[in-house]
Amino acid sequence: MPHSLEIQPVGVVVGGRSEVSDDHWDGPAVIRLNPDYPVEVVQGLEEFSHLLVVWHFHRASPNDVALHARSPRNNPAWPPTGTFVHRNHRRPNQLAQSFPRLLKVEGLDLHVTDLDAIDGSPIYDLAPYFTAMGPRGTVSEPAWPGEMLANYWG
């Protein structure tokens with residue numbers, strides 16, 4: 001088994017939603033980067049429309065981790081699927097990835113929308129989204145994610 005990795009947040013979510021909910025994640029927020037970083041760390045970022053952001057479900061408890069198959073959102077209409085099929089806080093490291101739209105860069109404040117992390121969420125990494133590094137070939141998935149996420153952004 002590989003060794004563990006200790007990392008520090010590069011920033012924090014400021015504003016936006018303060019409570020966790022399954023749906024309706026549209027709206028503005030700020031990713032405030034570490035004030036000890038030089039402003040040059042974001043030079044050129046404003047040319048990109050979207051970011052890839054890695055963040056932590058900081059309000060989740062390690063007791064929330066669920067290493068078994070279960071129906072998404074406990075809906076029996078959807079088939080039981082394993083821990084690594086879900087994209088929620090019940091994962092072992094309780095990390096998430098989001099792809100928010102970058103609205104503007106002000107110093108070390110990145111103004112975004114459609115970030116599904118709440119106020120105070122630690123940001124562990126971010127990068128611009130490169131289309132060329134997105135999925136290659138046809139993307140396939142079962143019907144249930146589209147059904148489950150029909151109101152996720154609105």
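Is R59 buried, partly exposed or exposed? R59 is partly exposed, with a relative accessible area of 47%; here buried means under 20%, exposed over 50% and partly exposed in between, using a 1.4 Å probe and protein chains only.

Before we go on, a word on the model: it is predicted, with local features needing pLDDT of at least 70, side-chain atom pairs counting only at pLDDT 80 or more, and totals for chains, interfaces and linings using all residues. Residues are numbered from 1 along each chain as its sequence is written, and side-chain values use heavy atoms, leaving out hydrogens and water.

**Salt bridges**

The whole structure holds five salt bridges, each being a side-chain nitrogen of Lys or Arg within 4 Å of a carboxyl oxygen of Asp or Glu. Here are three of them.

| Pair | Closest N to O |
|---|---|
| E19 and R59 | 3.6 Å |
| D109 and R32 | 2.8 Å |

Let us take E19 and R59, whose closest N and O atoms are 3.6 Å apart. This pair links distant parts of the chain, with E19 in the loop between β1 (11-14) and β2, R59 in the loop between β3 and β4, and 40 residues separating them. Strands here are DSSP runs of E of at least two residues, helices are runs of H or I of at least four, and both are numbered from the N terminus. E19 is exposed at 52% relative accessible area.

R73 sits in the loop between β3 and β4 and D22 in the loop between β1 and β2, so the pair ties together parts 51 residues apart in sequence. R73 and D22 also belong to a network of salt bridges with D23.

For D109 and R32, the closest N and O atoms are 2.8 Å apart. That pair joins strand β6 to strand β2 across 77 residues. D109 is buried at 15% relative accessibility, whereas R32 is partly exposed at 37%.

**Aromatic rings**

There are five aromatic pairs in the whole structure. Rings of Phe, Tyr and Trp (its six-membered ring) pair if their centres lie within 6.5 Å; planes under 30 degrees apart are stacked, over 60 edge-to-face, and the rest tilted. One of the pairs is F48 with F130, stacked at 5.7 Å centre to centre with 25 degrees between the planes. F48 lies in the loop between β2 (28-33) and β3, and F130 in the loop between β7 and α1 (144-148), 82 residues apart.

Y152 and W153 make an edge-to-face pair, 5.0 Å centre to centre and 85 degrees between the planes. Y152 is buried at 17% relative accessibility, while W153 is partly exposed at 40%. Together with W25, Y152 and W153 form one aromatic cluster. The charged end of R17 sits over the ring of W25, 3.9 Å from its centre; this calls for NZ of Lys or CZ of Arg within 6 Å of the ring centre and within 35 degrees of the ring normal.

**Around S121**

S121 is in the loop between β6 (109-113) and β7 (122-128). With a relative accessible area of 1%, S121 is buried. Beyond its neighbours within four places in sequence, S121 is in contact (heavy atoms within 4.5 Å) with G11, V12, V13, W55, H56 and H58.
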